[in-house]
Protein chains: 2
Amino acid sequence: MKGNVIVGQSGGPTAAINSSLAGVYRTAKDRGAAKVYGMLHGIQGLLQERYIDLSEYITNELDAELLKRTPAAFLGSCRYKLPEIHEDREVYDKIFDILNKLNIEAFIYIGGNDSMDTIKKLSDYAIITGHPTRFIGCPKTIDNDLALTDHTPGYGSAAKYIGTSVKEIIRDSFCLEYEKGLVSIIEIMGRNAGWLTGAAALAKGEDCAGPDLIYLPELPFDIEAFGNKVKELLSKKSSVVVAISEGIRLADGRYVCELGQSIDFVDAFGHKQLSGTANYLASYIAGEIGCKTRAIELSSLQRSASHCASRVDILEAYQVGGAAVKAADEGDSGKMVVLQRLSDDPYQSGTEVKDVHKIANDEKLVPREWVTEDGSYVTDEFVNYVRPLIQGDVSPVMVDGIPRHLYRQL
Amino acid sequence: MKGNVIVGQSGGPTAAINSSLAGVYRTAKDRGAAKVYGMLHGIQGLLQERYIDLSEYITNELDAELLKRTPAAFLGSCRYKLPEIHEDREVYDKIFDILNKLNIEAFIYIGGNDSMDTIKKLSDYAIITGHPTRFIGCPKTIDNDLALTDHTPGYGSAAKYIGTSVKEIIRDSFCLEYEKGLVSIIEIMGRNAGWLTGAAALAKGEDCAGPDLIYLPELPFDIEAFGNKVKELLSKKSSVVVAISEGIRLADGRYVCELGQSIDFVDAFGHKQLSGTANYLASYIAGEIGCKTRAIELSSLQRSASHCASRVDILEAYQVGGAAVKAADEGDSGKMVVLQRLSDDPYQSGTEVKDVHKIANDEKLVPREWVTEDGSYVTDEFVNYVRPLIQGDVSPVMVDGIPRHLYRQL
């Protein structure tokens, strides 16, 4: 490379997004980039000329290893959608002025759907104006909902954390006996796509029956049928564990979490409260059956639990970062790196680049045939798909009993 | 030993309680016990003559290692308080009949306050009736609120999980920038004792500023002062992270989580909903400041996350189990094994036995001088106390990407 590289992170954080950053940095340096800049808080920060020289933070191999083990976006993230080019050329002119000033040859953006929209627009603008900077997207999202790639970096680690935690919750749930039984409802991220919720099935194995029911957001949720299933299960066992997506909806399109609102609960400060999906269903089951219920939200830990990351995921994230720089160096632009599954057993994957116009703003959902007919579990095909992605561990660098991260003064 | 041993687990599960069970089993076998029985669901299950022969489950050294890594009570737990002896002798007669039938020389009960009450009553009864079975308690609780012991097995692993998770949440919270800032409120277990909540301070280190505020249940909570502190912090930084105990209370004694109830929110099924403490405070802060807020409950994972257990904790739990059997074999009864801190640096601990009458139904709270004067953080003394207890890891036995546990058909 003759010029410099700039890299940004965008959208929701994951446990693997910094491994991609490490991959971008290493490959850019290996290919001769003089400087590797990091945008602070993505394209939004770049517009305010907020960026750093990554060499000041990654000073040796240990720093790079720590970066791979640091959850959430090291550079800071943003949720910023560029205007259409014809709507506001000024924003584009500003960005390209900064790129010129920094002598940027390759612009790498690590993110999900919205971030690929940014790559699409910037590369389109470069083509229109004959600007030489090349723009490559690097996929990242725990939601695993990007088109054209077999899976997205970040998903494997989140799936591993979910499988592990659900199994531990199942163990916990069977400990105490309640007269009318215990129903534990675990709420998992993924508003439209059920990839994360389905990963709860990973808890199942020789030593664990797994969750009893799994509900993805792709299919309409029937509360009454759900209640009947739980009732039936409680007639056979004392503890029932259910995994649900935060985004499950009724046949009429209303989110289950909206139902808590139908009674217009306003808090002491006059704000409408949106009761969580698990909370609502726990309360429903308690009311219908009279058993003890528990609502557990896996919350932001499912995207930030680096201490439980998947080695396959962290390595692939690193490779994808490197592949993005390589593609730009070889002249590609307006592309996203995708992961291809070459083989299931033994699992092997490779990278390719695909036209970002075919990826941006599209959403990949769980195929209908990977959910059981009655919609209350995922099939073996689903588990076979995700299982290779959670293999192997990335031992945290423990300092005084707690994982060490790479630190950037804020 | 000439007779047999029976062991039970009681109260809330932990990540270390099964390590104590493994220690009881190993030492009992080493000391010549013919049979080691496990009560299913504690004394309550024993009264229904539900028990197993542990040799059928721990068939080799690998099983014992898996047991140490299996969260929650392998034998099942209970929350059952024995009646006073003068109230209902029949219950005692029934228990002792079963002990006679099984030729029990030593009765080991792993649990917290209530479980030590069971040991106290059974040993008293044995003394009154001249029965030879010896009764020893084995401390266990993530709450760390037992008297006379430096700390309790289970606490170190929970503290390690809390420190690790809070650090990951802090990383996650700094990623995205919000116009008026982001306040994340993390709710941690421990209704009366702040040992777990204080462990959030473990996130603090060279690479992390730690949570901004920590509120234990031992001190009255002033909502207005809290709001002002948050406001002040938001004037200096964009992300504020707060750790609170689920049990914080106002000066007038009301639990903060009760305040959500003051508006008499009843759900669609007519049940009063108890809004969580973090949820309530997040809503309060959003109302007062207008910033974005997040409420995160660490929920039951903080007591069942074996995948993030502390090696010191798991080893001590094992030793405590062994010491309980040894004490019984040497003639002790009505005692609980305690951990003594022999040295801080290097950390060394040993076991002793203490009279269970001095422990049962007592509650050890965080000393006032281990909380800062304004009550919004723990002191270095607190951190120095807990830090040695989270050292070292217990590598999970990973099978197909997920930790393997020892399994008992239910």
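Student: In which loop does R191(A) lie?
Tutor: This is a predicted model, where local features need pLDDT of at least 70, side-chain atom pairs count only at pLDDT 80 or more, and totals for chains, interfaces and linings use all residues; side-chain values use heavy atoms, without hydrogens and water. Residues are numbered from 1 along each chain as its sequence is written, with chains lettered from A and ligands numbered from 1 in the order in which they are written. Helices (H or I, at least four residues) and strands (E, at least two) are DSSP runs numbered from the N terminus. R191(A) lies in the chain A loop between β6 (182-188) and α7 (195-198).

Student: Is R191(A) buried, partly exposed or exposed?
Tutor: Buried means under 20% relative accessible area, exposed over 50%, and partly exposed in between (1.4 Å probe, protein chains only). The relative accessible area of R191(A) is 37%, so R191(A) is partly exposed.

Student: Which residues does R191(A) touch beyond four places away in sequence?
Tutor: Contact means heavy atoms within 4.5 Å. Residues up to four places away are not counted, and R191(A) then touches P217(A), S245(A), E246(A), G247(A), Y255(A) and C257(A).

Student: How many Å apart in space are R191(A) and V353(A)?
Tutor: In sequence, R191(A) and V353(A) are 162 residues apart. C-alpha to C-alpha, the separation is 27 Å.

Student: By what distance are the C-alpha atoms of G331(A) and D63(A) separated?
Tutor: G331(A) is in the loop between α12 (311-329) and β10 of chain A. With 46% relative accessibility, G331(A) is partly exposed. D63(A) is 268 residues apart from G331(A) along the chain, and their C-alpha atoms are separated by 30 Å.

Student: Which peptide bond runs to P346(A), and is it cis or trans?
Tutor: P346(A) lies in the loop between β10 (335-344) and β11 (347-355) of chain A. Most peptide bonds are trans. The bond from D345(A) to P346(A) has omega near 0 degrees and is cis.

Student: Which residue is joined to P346(B) by a cis peptide bond?
Tutor: P346(B) is in the chain B loop between β10 (335-344) and β11 (347-355). Omega is about 0 degrees, and the bond joins P346(B) to D345(B).

Student: What is the phi of L148(A)?
Tutor: L148(A) is in the loop between β5 (134-139) and α6 (155-173) of chain A. Its relative accessible area is 39%, so L148(A) is partly exposed. L148(A) is not a glycine, yet its phi is positive, about 70 degrees.

Student: What is the phi of N103(B)?
Tutor: N103(B) is in the loop between α4 (89-101) and β4 (104-111) of chain B. With a relative accessible area of 46%, N103(B) is partly exposed. N103(B) is a residue other than glycine, and its positive phi is near 55 degrees.

Student: Are α1(B) and α12(B) parallel, perpendicular or oblique to each other?
Tutor: Axes are lines fitted to C-alpha atoms, for helices over the stretch in contact, and angles run from 0 to 180 degrees between N-to-C directions. Under 35 degrees is roughly parallel, over 145 roughly antiparallel, 65 to 115 roughly perpendicular, and the rest oblique. Helix α1 (residues 17-30) and helix α12 (residues 311-329) of chain B pack at about 40 degrees, with axes 7 Å apart. Therefore α1(B) and α12(B) are oblique.

Student: How many residues of each class make the contact of α1(B) with α12(B)?
Tutor: The contact includes A22(B) and R26(B) of α1(B), and Y318(B) and K326(B) of α12(B). Ala, Val, Leu, Ile, Met, Phe, Trp, Tyr, Cys and Pro count as nonpolar, Asp, Glu, Lys and Arg as charged, and the others, Gly among them, as polar. The division is seven nonpolar, six polar and two charged.
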